[in-house]
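Have the viewer open while you read.

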Amino acid sequence: MKKTSRFFRLALLASATALMVPLASAQATGKLKVGLMLPYTGTYAALGTAIENGFKLYIDEHGGKLGGREVEYIKVDDESNPAKATDNVNKLIKRDNVDVVVGTVHSGVVMAMAKVANDTNTLLIVPNAGANAVTGPLCSNNIYRSSFSNWQPAYAMGEAAAKKGYKKAVTITWKYGAGEESVGGFKESFEKGGGKVVKELSLPFPNVEFQALLTEIAAMKPDVVYTFFAGGGAVKFVKDYAAAGLKGKIPLIGAGFLTDGTLDAQGADASGLQTALHYADSLNTKRDNDFRLAYAKAFKLQPDVYAVQGYDAGQILGAGLAAVKGDVSKKAEFAAAVERAKFDSPRGMFTLSKAHNPVQDFYLRQVSGVENKSIGLASKALADPARGCKL
Ligand code: BEZ
């Protein structure tokens with residue numbers, strides 16, 4: 001009797017010890033379902049397509065697999081419409097059971113996506129939308145951004161504008177999160193550098209009736225006009241600015257979205273414009289040249305900043321999934337791997353901050369022909385302040 005119970009105790013101890021020994025983590029199997037939630041219609045349609053192209057290029061370069069799992073895509077057109085965003089992302093997560101959501105472009109839409117991602121413990125990789133809160137108060141081990149915060153390029157441009165000696169600025173943008181945060185970032189550094197924003201003009205997204213506002217700018221005669229517009233709206237704004245006779249009279253500057261992916265349509269009206277962004281044409285590094293060649297070959301198009309951000313969304317997901325062998329439930333291990341990674345991007349090297357936003361260089365660019373040429377660095381290794389992030 002005594003002998004038997006000792007035998008039992010030993011057997012129990014042995015099995016408990018076996019349970020405590022960490023097993024080598026197993027490879028997750030089955031297809032990796034990626035939900036692409038992007039705008040495929042409206043003023044940001046071209047941005048959505050470039051992001052999808054860039055993302056798919058990275059996956060294709062890796063044999064169609066991430067973390068050892070074959071990638072399958074499920075697509076939703078979010079129409080850059082915040083009112084439909086919660087339903088759209090819930091469809092991907094709850095109906096289609098995606099493992100990860102990649103999206104989106106519009107800051108208002110991404111706010112809803114980030115909340116749902118956190119509520120449902122779903123992995124979200126943001127390949128453009130700059131809403132500061134995504135890597136601020138909403139930051140978490142579910143959310144990563146391959147692009148920028150709205151604060152970043154604006155802050156870099158404000159520093160450069162102050163250094164140029166501009167004193168009096170007027171800002172003009174769409175009245176929604178991205179525009180307002182972009183103006184906020186510009187104002188912060190421009191006024192720190194001795195300038196003053198004397199008027200903040202705006203119109204609802206995605207309106208393009210700029211005429212009345214351009215007349216106001218002409219009457220105010222500021223030293224410089226700072227702007228956030230992107231996609232189809234940026235094309236129209238640059239053309240209207242020139243048609244109003246302001247080009248060459250009042251310098252127009254902006255976050256680089258003003259002239260990225262838009263130069264074929266803007267033509268000579270964009271010539272000479274200076275902007276700040278984390279990418280430029282003709283960087284002439286081997287990494288960027290290889291990327292541009294591969295992208296042009298695959299899509300018969302020149303890449304832009306959105307294509308790079310899509311590609312790097314693939315890189316971030318790839319780094320995290322490799323560490324967890326495709327098991328998206330291992331959020332802490334995924335985060336640890338991504339946080340220590342150095343990403344070799346076509347834009348140049350970048351790392352992710354603790355809040356999961358890129359720490360990266362911002363180029364000062366000038367339009368020459370159909371290129372945004374780097375004319376120097378506006379800001380080196382600029383990190384978003386991540387205000388409100390508790391990670
Ligand atoms: C945004 O809404 O965050 C955004 C849209 C287009 C370009 C850059 C930012």
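The ligand sits in the largest cavity. A cavity here is a set of points, on a 1 Å grid over the protein atoms alone, where a 1.4 Å probe fits but cannot get out, and sitting in it takes more than half of the molecule's atoms within 2 Å of its grid points. This is a predicted model, with pLDDT of at least 70 needed for local features and 80 or more for side-chain atom pairs, while totals for chains, interfaces and linings use all residues. Numbering runs from 1 along each chain as its sequence is written, and side-chain values use heavy atoms, leaving out hydrogens and water.

Around the ligand there are 15 residues (a heavy atom within 4 Å), and the closest are Val105, Ser107, Gly130, Tyr176 and Ala178. By class that shell has 10 nonpolar, five polar (Gly among them) and no charged residues. Domain 2 (32–148 + 283–356) and domain 3 (151–277) both contribute to the shell, so the ligand lies between them.

| Residue | Protein atom | Distance |
|---|---|---|
| Val105 | backbone N or O | 3.4 Å |
| Ser107 | side-chain N or O | 2.7 Å |
| Tyr176 | side-chain N or O | 2.5 Å |

Taken alone, the ligand exposes 270 Å² (Shrake-Rupley, 1.4 Å probe), and the protein buries 100% of that.

Now the disulfide: with sulfur atoms within 2.5 Å as the rule, the count is one. Cys139 pairs with Cys389, S to S 2.2 Å, and their link is right-handed, with 90° about the S-S bond.

Key. Polar contact = N/O pair within 3.5 Å; in protein donor to acceptor, adjacent residues only side chain to side chain. 1 Å grid on protein atoms, 1.4 Å probe; cavity = no way out; pocket = protein on both sides within 12 Å on 5 of 7 lines; lining within 4 Å. Domains from an automatic or database assignment.
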